[in-house]
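Here is a short report on one protein chain. Take a look at the model first, then read on.

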Amino acid sequence: MSARHLGHTSTRRKPMKIGLIGVGSIGSTLAKRLPTKGHDVKVANSRGPETLDKDLLSTGAQAVTAEEAAADVDALILSIPLNAMPNLAPLIQALPAETAVIDTSNYYPRRDDTIDAIENGQVESEWVVEQLGRSIVKAWNAIGAQVLEEDPREPGDPQRLAIPVAADDARAKDIAFTLVNDSGLDPVDAGSLADSWRQQPGAPVYGTRLAAAEIPGALEAAQRDRLPRRRDLTFDIVMDRLDDPTLTIDAAFMTRLARALYL
């Protein structure tokens with residue numbers, strides 16, 4: 001595997017024009033945070049701009065349609081369920097080549113539809129590329145949503161967390177590095193999309209709250225054949241805990257669980 005760069009500093013100038021489709025737990029946090037770093041952010045969901053929560057727009061993001069979110073942007077962030085990716089193929093294929101497409105999704109077959117190709121071993125990111133018809137960047141998929149929301153830190157903070165960023169296109173990866181940095185995390189180069197299985201659910205880097213210096217070792221330690229079993233075990237534990245009203249599932253619990261099962 002190629003050498004990885006820690007605490008990468010992007011060469012991109014700011015601000016950028018950002019489109020964001022999907023306002024779940026990751027997407028909503030990015031919608032509120034990225035405008036505070038000077039970026040022009042347009043946000044869309046599947047139900048129309050009039051349905052977006054006003055809180056999502058409190059820092060300057062604009063509510064738009066999906067088509068408007070994808071128009072004239074430096075990057076389009078997709079924060080939707082992985083099995084919904086095929087629905088966006090016509091929109092994505094119409095983008096200019098220089099627009100970076102960044103995917104934050106993960107495959108959970110017990111939550112979403114079963115995807116035979118991934119069940120048979122295809123890398124999640126490579127499946128997404130096939131559905132969309134163009135290359136992507138994989139970022140923000142390995143961080144817990146509550147952690148992203150509650151623990152952003154400025155560059156240089158010794159307690160700052162990091163996430164892996166994988167892509168085949170150097171320019172698109174550079175854009176993603178800037179945005180990850182502006183979201184409050186250190187971006188670490190995780191190599192190509194073929195290597196991005198190392199940041200899928202069940203891997204040591206997934207949800208374990210690591211610093212930049214710890215990311216390369218966690219990526220190297222991943223065992224591909226073990227990921228699905230660990231991912232599904234985590235899902236079952238969470239669902240079982242949800243059945244008990246006396247128990248809570250917060251960021252601290254999810255981190256403890258991930259570290260116990262993945263590291």
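## Surface and charge

This is a predicted model. The protein chain exposes about 11,600 Å². Carbon and sulfur atoms supply 48% of that area.

The chain carries 29 positive and 38 negative charges.

## Overall fold

The protein chain contains 10 helices and 8 strands. Its C-alpha trace spans about 45 × 40 × 35 Å along the principal axes. The radius of gyration is 17 Å. A compact globule of 263 residues would have a value near 18 Å, so the chain agrees with that expectation.

Buried residues make up 54% of the 263 residues. Consider the contacts with a separation of 6 or more: 72% of them join residues 24 or more positions apart.

## Helix α1

Helix α1 covers residues 25-33. Of its 9 residues, 7 are buried, so the helix is largely enclosed by the rest of the structure. The buried residues are Ile 26, Gly 27, Ser 28, Thr 29, Leu 30, Ala 31 and Arg 33.

What do the buried residues of α1 pack against? Three partners are strands: β1 (17-21), β2 (40-44) and β4 (75-78). The others are helices α6 (145-150) and α7 (170-182).

In general, an α-helix has 3.6 residues a turn, so residues three or four places apart point the same way.

## Thr 29

Thr 29 sits in α1. Is Thr 29 buried or exposed? Its relative accessibility is 5%, and buried means under 20%, so Thr 29 counts as buried.

Setting aside residues up to four places away in sequence, Thr 29 touches Leu 148 and Glu 149. Helix α6 spans residues 145-150 and is one of the elements that the buried residues of α1 pack against.

## Ser 125

Ser 125 belongs to helix α5, which runs over residues 124-132. Its relative accessible area is 1%, so Ser 125 is buried as well, under the 20% cut-off.

Which residues does Ser 125 contact, beyond its neighbours within four places in sequence? They are Ile 136, Lys 138, Leu 193 and Ser 196. Leu 82 is 43 residues away from Ser 125 along the chain. The C-alpha atoms of Ser 125 and Leu 82 are separated by 9.5 Å.

Key:
Residues are numbered from 1 along each chain as its sequence is written. This is a predicted model: local features need pLDDT of at least 70, side-chain atom pairs count only at pLDDT 80 or more; totals for chains, interfaces and linings use all residues. Side-chain values use heavy atoms; hydrogens and water are left out. Helices (H or I, at least four residues) and strands (E, at least two) are DSSP runs, numbered from the N terminus. Buried means under 20% relative accessible area, exposed over 50%, partly exposed in between (1.4 Å probe, protein chains only). Contact means heavy atoms within 4.5 Å. The radius of gyration is taken over C-alpha atoms; the globule rule is 2.2 Å times the number of residues to the power 0.38. Accessible areas come from the Shrake-Rupley method with a 1.4 Å probe; for residues, only the protein chains shown count as cover. Lys and Arg count as positive and Asp and Glu as negative; His and the chain ends are not counted. The place of a charge is taken as NZ of Lys, CZ of Arg, CG of Asp or CD of Glu.
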